[in-house]
Structures are given as structure tokens and as C-alpha cells.
Amino acid sequence: AWPEGVPVQVHAKEDDPEFAEDREAAQGLVGSTDSAELYLYPGKEHLFADSSASDYDPDAAALLMDRVRAFLDSV
């Protein structure tokens, strides 16, 4: 079980084959606590936030960073 009161975010692309095996666990985590958020972005790229990777998606990466900054501001 996730520790109560400890916030967490999970970010992934909806159709990322590498995330597929973890998706159920991520959804279970979000369903088990109010402190968890799951953000799914359109596409299948795995390293979409890494500007040095061929999977880089600047729009999704910018949204992810906005969400992470807001998350960090809240803790």
C-alpha cells in the first residue's frame, strides 16, 4: 500500500508498450489513495520528456514539466 499522505504522480504515454505492464499497477495506486495522480499523454513514446531521445515530444514534455512544477509547489 502507498503511504497515506505521501503524494505521487505517474506520467506516461497512453500506448507506450513499456508502460503497458505497469499501467494496471499505476491505476491501482491512483484508486487506492487521494494522494496519487496518473497523467496519460497521447502517443506511444517512452522517453518523451528526454530532449536527447528520438522519442522526445516537446508539447507533452512541457505539459509534464508544468504538472511536476505545480506538484512540487504543493508539497
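Reader: In which strand does Gln-9 lie?

Author: Before the case, some conventions: this is a predicted model, in which local features need pLDDT of at least 70 and side-chain atom pairs count only at pLDDT 80 or more, while totals for chains, interfaces and linings use all residues. Residues are numbered from 1 along each chain as its sequence is written, and side-chain values use heavy atoms, with hydrogens and water left out. Helices (H or I, at least four residues) and strands (E, at least two) are DSSP runs, numbered from the N terminus. On that reading, Gln-9 lies in strand β1.

Reader: How should I read the whole chain before going into detail, and in what order do the elements of the protein chain run?

Author: The protein chain has two helices and two strands, and from the N terminus on its elements run β-α-β-α. Its C-alpha atoms fill a box of roughly 35 × 30 × 15 Å, taken along the principal axes. Contact means heavy atoms within 4.5 Å, and of the contacts in the protein chain with a separation of 6 or more, 58% come from residues 24 or more positions apart.

Reader: Is Gln-9 buried or exposed, and which side chains does a polar contact join to that of Gln-9?

Author: Buried means under 20% relative accessible area, exposed over 50%, and partly exposed in between (1.4 Å probe, protein chains only). Gln-9 counts as buried because its relative accessibility is 16%; of the 75 residues of the protein chain, 28% count as buried. A polar contact is a pair of N or O atoms within 3.5 Å; within protein, one must be able to donate a hydrogen and the other to accept it, and residues adjacent in sequence count only if both atoms are side-chain atoms. The side chain of Gln-9 has such a contact with that of His-11 at 2.9 Å, and another with that of Glu-37 at 3.0 Å. Leaving aside residues up to four places away in sequence, Gln-9 touches Glu-37, Tyr-39, Arg-67, Val-68 and Phe-71.

Reader: Which residues make up the largest nonpolar core?

Author: A nonpolar core is a set of buried Ala, Val, Leu, Ile, Met, Phe, Trp, Tyr and Cys residues joined through side-chain atoms within 4.5 Å. The largest one here has seven residues, namely Val-8, Val-10, Ala-12, Phe-19, Ala-26, Leu-29 and Ala-36. Two or more residues of this core come from each of β1 (8–13) and α1 (20–32), with β1 giving the largest share, three residues. Val-10 touches Phe-19, Ala-26, Leu-29, Glu-37, Leu-38 and Tyr-39, when residues up to four places away in sequence are not counted. A second, separate core of five residues includes Tyr-39, Tyr-41, Phe-48 and Leu-64.

Reader: How many aromatic pairs does the count come to?

Author: Rings of Phe, Tyr and Trp (its six-membered ring) pair if their centres lie within 6.5 Å; planes under 30 degrees apart count as stacked, over 60 as edge-to-face and the rest as tilted. By this rule there is one aromatic pair. The rings of Tyr-41 and Phe-48 have centres 5.2 Å apart and planes at 45°, so the pair is tilted. Tyr-41 counts as buried at 2% relative accessibility, as does Phe-48 at 4%.

Reader: How do I read a helix, and which residues of α2 are buried?

Author: An α-helix has 3.6 residues a turn, so residues three or four places apart point the same way. In α2, Ala-60, Ala-61, Leu-64 and Phe-71 are buried. They cover an arc of only 95° around the axis (the arc of the directions from the helix axis to the C-beta atoms), which puts them on the same side of α2. What covers these buried residues includes β1 and β2, whereas the face of α2 turned away from its buried side carries the exposed residues Asp-59 and Asp-73. At the start of α2, a side-chain oxygen of Asp-57 reaches to within 3.2 Å of the backbone nitrogen of Asp-59.

Reader: Where is the place of Thr-33?

Author: Thr-33 is in the loop between α1 and β2, and it counts as buried at 6% relative accessibility. A polar atom of the Thr-33 side chain lies 3.1 Å from the backbone nitrogen of Ser-35.
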